[in-house]
Each structure stands twice: as structure tokens, then as C-alpha cells.
Amino acid sequence: MIELIKEGEYALLFWKMPRVNVLNPESVGSFHEALEALLTDDTVKGIVISSRNKEFLAGADIQTLQQLMESADERQIYEASWQVQKVFLRLESGGKPAVAAINGSALGGGYELALACHYRVAVAAPQIEIGLPETTLGLMPGGGGTQRLPRKIGIMPALELLLEGRRLNPWEAHKLGLVEVLVEKSDELIEASLRWLHSKPRGSNPWLEPDYSLPGGEVHSQAGRQIFSVTIARLREKTYGNYPGAYHCLCAVYEGLQVPFLEGLRIESRYFAKTLSSRTARAMVNTLFIGRNKLLELPHRPADIAPAAISKVAILGGGMMGRAIAYVCAAAGYETWVKDISETVLEQARRFSHDLVEKALQRQRLSPQQAHQQLSNLHYTLKYEDLSGADLVIEAVFEDRHLKASVYQEVIPFIHPEGILASNTSTLPISSLAESTGIAPRFIGLHFFSPAERMPLLEIIMGKDTSPHTLAWSLDFAKKIGKVPIVVRDSRGFFTSRVFGTYVREGFRMLMEGVPAALIENLARQAGMPVGPLALADEVSISLMYDILRQTEADLGVSLSDDPVSYIGKLFVEELGRPGKKAQAGFYEYPSQGQRKYLWPRLKEYFPSRTVPTSEYSELIDRFLYVQVAESLRIYQEGILQSKTDGNVGSILGWGFAPFTGGVFHFIEWTGEKTFRERAKFLADKYGPRFLVV
Ligand code: NAI
């Protein structure tokens, strides 16, 4: 687990765990033992800590965390954290200079170990991540991170990193003072570390000294008071108190920096224990770490099919979605072709990728060679002939089934005989699109989310005739482009669009019931949704929702006049000419040039509002969440979703369903099954069967 090498009067200590370097009771124990041996050996004058694995140290072992969350009480969690604190403190105050030679990612507990050293050298490589991202999983640092980082770089920059959970690349980490020196190549790492030791540095950190003062001002300096009053307000504005981990992290910094360092570490461990005991930490770790990683292992992949042989990808349509999908494919190393009917669109698509690569280059997220390679993987064309031999074609033309049918006919002769054809449609049933192609077994839905270059989810939709081979290739493709795939069976709106639609509709209903628009938007965010339903309708475009409704009516031969989209669509699209953000007019007004959008003032004329007592707020909040959970349960019962993990992960990564609850199904556990059922029944009795849970 730990390898020790003597190098003259210095010792090199390497982490090398069988799979990945993590902190758990055994590994911390081994590290402690090795450390003690070095600290008590008079011939050792300094220590270099590094790793033989790809990563430096990935942080706490999630299984250990999970066990603590499931079975331990706050006292036991405190003790577990304190064990780690003690070892790090021993390293820091053992009297021998120690340097962290960061050869790979150092996240969470990994970076906390580096912080307890007296110097940090890192390899400047884009794939290396450094930071304390615990709050993004509903957790907080428990190995000294909240105490050492602000003491090292100042309260303000430390709080930004801690509360946003930012993962920095080595250049950013260096600029912000998280590492002292960068080296170009990994074989220079040990040499640079030894060079520092040769300079005979002191084996101590400044905050252990009696005359230490915090960079940027103490907690109760004028600057400090300002920082905390603003940060607490911002955190509240962003999280509505739904994330105890972030709040506890802020408390640990505030309280811990007013007392001696050792006491600060104890305060951190106490808040860490409180955080891990919360239902939110359990929910987020379950879904965003364990569930997400499970999906990355491709559990739905048919086992007996050879890995996908995809090298050339063609995207039909270089619009908003197509250009971003192309960027992602080129970044993954595929030869990527974008085909459109408009030269102007192709030029915009080219600019889009060019600008993104340029930005990544400036931020040193890509090396110049990688940037060059990525751009040279991209090709733009007006001719189908150029797509010849494509192993995967992804169609992203307008949402019009007739247009889609005709582009399929045109492209099919150019697809490799084993290749697959996918549609990025957000609503049209895949089996119905496959019908006209004549290659239904090789047809599948690959539903990306906007903005596709950033959104991590890929919803894969199996048509009724889609073959296992096509599914296997699609899953391999998802993995290669770095997306988390969920697999669903075909239906109108699949899983994501269908559930997300219920959220927007609930907002429409509230508006029609006289709930003021601003209250709707605020309560939705308080419920944990990233964007209010009216703002979201504008983003997606009201006219698109209305078109889809009418298309559904035509396809099914029914009238859907009781769907709120019918009323809202007619009013906003046909009568008011306010179809959404694309037209700079929808529920919101979009003033030009950097000013913030605001709700259209005349909304009140069309939707006279009533006074809503504050006692009704929690009911409105619940309506937003319960309507989505009830719909998800129906989708699961209909067999469209095959696993609840897909639903939990998909709902958070796809449209941002209240992450602190762990997703649409975990919501039930988070609430408590009995409370959930009673509340759902109450809402169903009062508002109708959309809340019904069987
Ligand atoms: P868009 O309107 O931005 O782009 C469509 C593009 O298709 C245009 O550039 C157009 O020139 C091109 N096109 C039209 N006929 C063509 C042909 N015969 N051959 C090649 N290109 C042709 O539309 P957007 O938003 O990119 O949507 C595309 C598809 O992606 C739709 O099916 C939509 O439902 C789906 N989608 C959209 C999402 C969104 O947030 N906008 C999210 C997920 C899926």
C-alpha cells in the first residue's frame, strides 16, 4: 500500500493501492506507520510524498464514507475524521520537512494531505485535478481542508473554492497558491521536490507559529466581516438552505479561524460528523457518486458484443445541438463531419468549436497539440458523399418527422454497412422514426441535453426493433465521449422530456390559478430546481412546447385541450407573439446588452394574481417536486425506465431535479416513505390524478 525508498538523507514515500489510492482506515494506518518510521529515523532529513498510481490520492474511500453514513452515529464519524486529522497533524508538526509531489489528481482528502505537507510540486498536465470538491457531493472536508486552505491563501479565495467545490487544473492551482511549483514532465517531479529539500527548509507551516496572521485579514477585521456577511447571504440565495454540507463548511471556516489551529481542526471534524449524518449527504453520495459510477460501468450493455468500432461520426444539422455534439465527438478523438444545408450555419458551427477550443487553450485545459488535434478532427460539408463510410450518424435537424424521414433516406446509402443511425429528437417516438428507414435494428435515440458540450447526461432510447449490437455501440460511444448514459425504452417524451414537462406544466397551472409569476419562480428554486418553470419554458421556447403538443394531438388523433400548454401556447404564440427567449419575448422581457431579464410586466393583465398566504408556500413547493416523482413512478411502472438508478442520476444530470434529494426516486427515501405517500394522496385529492402514486 505504501512504498518507501531512501534517497541519500531523504525518504520517498509512494502511495500504491491496488486499484486507486484512497483514504480508508487501512491505508491511513499504513501511511501512519510508514510516517512514524521516517519521523523517528534520525538519518532521514526530509520526506517526499508521491504516488505510483495514475492519481496522487483520490480522497476518502467512498465505501468507508457510505458505511459511516449508514451505520455510525455522529460521535463515531467524528472519531473517524479525527483519526485522519491526527495523522496529517503528525506529518505537519513532526519536525521534518515534507513535500507533496503531485503526479496526478489530488482531490478532497488527497489535497488535504498535500496541504498538511510544507511544500507542493505538481506536474503541469491538463488532466490533473486539484481541489476540495466535497460540497458538490453534499459533503465537506474532514481532513483539515477548511482550516489549512484559508490559513494558506486567505479566507475569501478559500471560501470560493470550498463552497463551489471547484476542481482546478495545475496552472490554476498554482496561480491561486494551492501548489508552489509546477514541473513540465512527471520525471522532473521527484528531482524538483528533492531540490526544495536540499535548500534545508523548516519542517513547519506558518499557522503553527505564534506570530502567524491570516493573509487578507482575520475573521473580525473589516474585510473579514464583509466577506462573511456577503458569503452567507450568497449561499442562502443559491441554496435556500437545502445543502447542509456547504453551510457547515462555511461555519467551520468562520468558527475555526477564530481559535487556535488545533481547536479549529476539532471544529471541522464536528461539522464533518454533522454533515455526514444528514439525509442530504446520503442522498447525494448515493446518486451522484455511487449511482453515477455504476452507470459509467455500462450495466445495460449486452455482454457478448465486441467493443464498438466507431471511427467516423457524422452529424446531420449544424444548429444549436448539432454543432455542440460535433465538438464533443471531436474532443473524444473521432473523425467528425457536420452536414447542413446552409453554408452560414456551417460557418457558425466552425466558429463555435473554434471559440470553445480557444478558450480551453487559454485556460490551459487543453495543450496546444490537443487543441490542434481536436480542431483537425472536425470537418464541415454540404454534401452527403463526404459522410461516406460513417460508423455513426447522429441526426439533429429540426423537430419535424417528415424532414427527419427524408434526411434518413438521403444519408442511409452512405452509412457503413455495420454503422448505426441515431436521432437526437427530444420527443418523437424512436420506433416511429425508425419505421421509414428500413434499418430499424440499427436505429436508436441518442438524446443529448443543451448545452451539449457541458451537460453530462446522454439518454439512450431503444426503439422496439433496436438491436443489442446498436445499443452496445451506443453505450461504448457514450463512454468514449465522457457522458453518463441512461437507457430507456421508447415512448413519447421518453423519460427526461416527459417528467421535465410536468414541472413546467405545474408552473403554468399555478400561473393560471393566480399565483404571482415571481412567486412561482422563487418557490421553484426554493424547491431545489435550478431554473424556475417560466424561465425554463422561455429557454426551451413556448412555441416548441406548443408545436409538440399539436404534433401529439395529430399523431394520436385526440384533443389535449386540458393540457395547460394548450392554453398558454395559444395565448403566447398565436395571440401575443411571445414564443420565448429566441424571440426575446416570452414570460420574460430580454433587454439587450448585459441587462438582466425580468418578468413581462403585463403578465398580470392576463393572469390576475391572488394573495398567496405564506402558509401555502410549502404546498406549492411540494407540488413542483411531487408531480415529477409521481410521473417518474408511472414511467418506471410502465417499464420505460429499467432501473431506479437511471432515474435518479438522469433526473439530476438531465434537468437538475433537486440534487439534495438524490433524484426522483431517492426523493421518497429522503422524505420518508410514509410521509411521501400521505402527502402525495393529499395533493392528488386536492389537485388531481397527476399526483397519484400507486
Ligand atoms: P436548430 O434549429 O438549431 O438546428 C437544426 C439544423 O438543422 C439547422 O441548422 C438546419 O439548417 C439544419 N437542417 C435542416 N434541414 C437539414 C437537412 N436536410 N440536412 C442537414 N441539416 C438540415 O435545432 P436544434 O435546437 O439544434 O434541434 C435539433 C434537434 O435536436 C431537434 O430534433 C430537437 O428536438 C433536438 N433537441 C433539441 C434540444 C434543445 O435544447 N434545443 C435538446 C435536445 C434535443
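A polar contact is a pair of N or O atoms within 3.5 Å; inside a protein, one of the two must be able to donate a hydrogen and the other to accept it. Keep that in mind as you look at this predicted model.

- You'll find Asp646 in helix H26, which covers residues 644–655.
- Asp646 is buried, but it has no salt bridge. The nearest side chain of opposite charge belongs to Lys294, and that one is 7.2 Å away.
- What does the side chain of Asp646 reach at 3.0 Å on Val487? It's the backbone nitrogen of Val487.
- The side chain of Asp646 also makes a polar contact with the side chain of His300, at 3.0 Å.
- Leaving out residues up to four places away in sequence, Asp646 touches several others, including Leu295, Ile486, Phe495, Leu641 and Ser651.

**The ligand and its shell**

- There are 21 residues around the ligand, and Met320, Met321, Asp340, Glu399 and Lys404 come nearest.
- On the side chain of Asp340, an N or O atom is 2.7 Å from a ligand oxygen.
- The side chain of Lys404 likewise has an N or O atom 2.7 Å from an oxygen of the ligand.
- On its own the ligand exposes 840 Å², and the protein buries 84% of that.
- Helix H13 (320–331), helix H16 (401–411) and strand E14 (443–448) each give two or more residues to the shell. H16 has the largest share, with three residues.

Key:
Residues numbered from 1 in each chain as written. Predicted model: local features only at pLDDT ≥ 70, side-chain atom pairs only at ≥ 80, totals over all residues. Heavy atoms only, no water. Helix = DSSP H or I, 4+ residues; strand = E, 2+ residues; numbered from the N terminus. Buried < 20%, exposed > 50% of the residue type's maximum accessible area, 1.4 Å probe, protein only. Lys, Arg positive; Asp, Glu negative; His and termini not counted. Salt bridge = Lys/Arg side-chain N within 4 Å of Asp/Glu carboxyl O. Contact = heavy atoms within 4.5 Å. Near = heavy atom within 4 Å. Areas by Shrake-Rupley, 256 points an atom, 1.4 Å probe, with all protein chains shown as cover.
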